Amino acid sequence: MEEKPFTTAKLRKAFLGMLNMQLGLHRARRYPFHAAVELTDLQSETQTREQTSDLSLFGCHVETQKPFPPGTKVRIKITHRSESLEALGRVTFARPNAGMGILFTRIEPHDQLVLDKWIAELRD
C-alpha cells in the first residue's frame with residue numbers, strides 16, 4: 001500500500017495543533033464560571049462532586065484535589081442557579097491538587113440550549 005505524502009494543509013494543521021497545546025490555547029473563549037458539578041467515571045462508576053472554575057462552548061475546568069486520569073470518559077452534570085445541564089465528556093488534562101479539563105463529547109439539544117444561555121450571559 002502506497003503511503004500518501006503530507007500536504008501543506010495537513011502539516012499546517014498538525015503544527016497549529018501542537019502550538020495550541022503548548023501555549024494552552026483553546027477552541028473557544030473560556031469564561032470564569034463557578035457552579036456545582038457531579039462527575040461520574042463511565043467505566044468504574046466512581047462519582048465525585050466538585051465545582052467548575054470556567055466554562056466554554058466545548059467544555060469546562062473542574063476544580064478537584066483528585067482528578068480522573070486524562071482520557072477518562074465521564075458523565076457530567078453542572079448545576080447553576082435553578083438550571084442544570086448534562087453531557088458526556090472526556091478528561092483532556094489533569095493536574096493533581098488543581099483540577100481537570102473536561103471536553104464535552106455529547107450534549108443533548110435541551111442541554112445545549114442551557115449551555116448557550118449561560119455563555120450568552122457570561123459574554124454580557
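## Salt bridges

Lysine 117 and glutamate 83 meet through their side chains in a salt bridge, 3.1 Å from N to O. Lysine 117 sits in helix H2 and glutamate 83 in strand S6, so the pair ties together parts that are 34 residues apart in sequence. Lysine 117 is partly exposed, at 39% relative accessibility. Glutamate 83 is partly exposed too, with a relative accessible area of 24%. The model is predicted. It holds five salt bridges.

Another of them joins aspartate 54 to arginine 30, with the closest N and O atoms 3.6 Å apart. Aspartate 54 belongs to strand S3 (residues 47–55) and arginine 30 to the loop between helix H1 (8–23) and strand S1 (31–32), so this pair ties together parts 24 residues apart in sequence. Aspartate 54 is buried, at 15%, because buried means under 20% relative accessible area. Arginine 30 is partly exposed, at 28%. Glutamate 38 pairs with arginine 49, and here the closest N and O atoms are 3.2 Å apart. This pair links strand S2 with strand S3, 11 residues apart. Glutamate 38 is partly exposed, at 30%, whereas arginine 49 is exposed, at 64%.

S5 has two faces. Val74, Ile76, Ile78 and His80 point to one face and are buried.

S5 runs antiparallel to strand S2 (residues 36–41), joined by six bridges. Threonine 40 has arginine 75 of S5 as its bridge partner. S5 also runs antiparallel to strand S6 (residues 83–95), with eight bridges. Histidine 80 stands opposite glutamate 83 in S6. The hairpin of S5 and S6 has two residues between the strands, and arginine 81 takes a positive phi near 55° there.

## The nonpolar core

The largest nonpolar core has 22 residues. Leu39, Leu55, Cys60, Ile76, Ile78, Ile102 and Phe104 touch the most other members. Two or more residues come from each of S2, S4, S5, S6, strand S7 (99–107) and helix H2 (109–123). H2 gives the largest share, four residues.

Cysteine 60 has contacts beyond its neighbours within four places in sequence, including Asp54, Leu55, Ile76, Ile78, Ile102 and Phe104.

## Threonine 64

Threonine 64 lies in the loop between strand S4 (59–63) and strand S5 (73–80). Threonine 64 is buried, at 5% relative accessible area. Its side chain reaches the backbone nitrogen of lysine 66 at 3.2 Å. Neighbours within four places in sequence aside, threonine 64 is in contact with Glu50, Asn97, Ala98, Gly99 and Met100.

Methods. Residues numbered from 1 in each chain as written. Predicted model: local features only at pLDDT ≥ 70, side-chain atom pairs only at ≥ 80, totals over all residues. Heavy atoms only, no water. Buried < 20%, exposed > 50% of the residue type's maximum accessible area, 1.4 Å probe, protein only. Polar contact = N/O pair within 3.5 Å; in protein donor to acceptor, adjacent residues only side chain to side chain. Contact = heavy atoms within 4.5 Å. Pairing = 2+ DSSP bridges. Core = buried A, V, L, I, M, F, W, Y, C linked by side-chain atoms within 4.5 Å. Salt bridge = Lys/Arg side-chain N within 4 Å of Asp/Glu carboxyl O.
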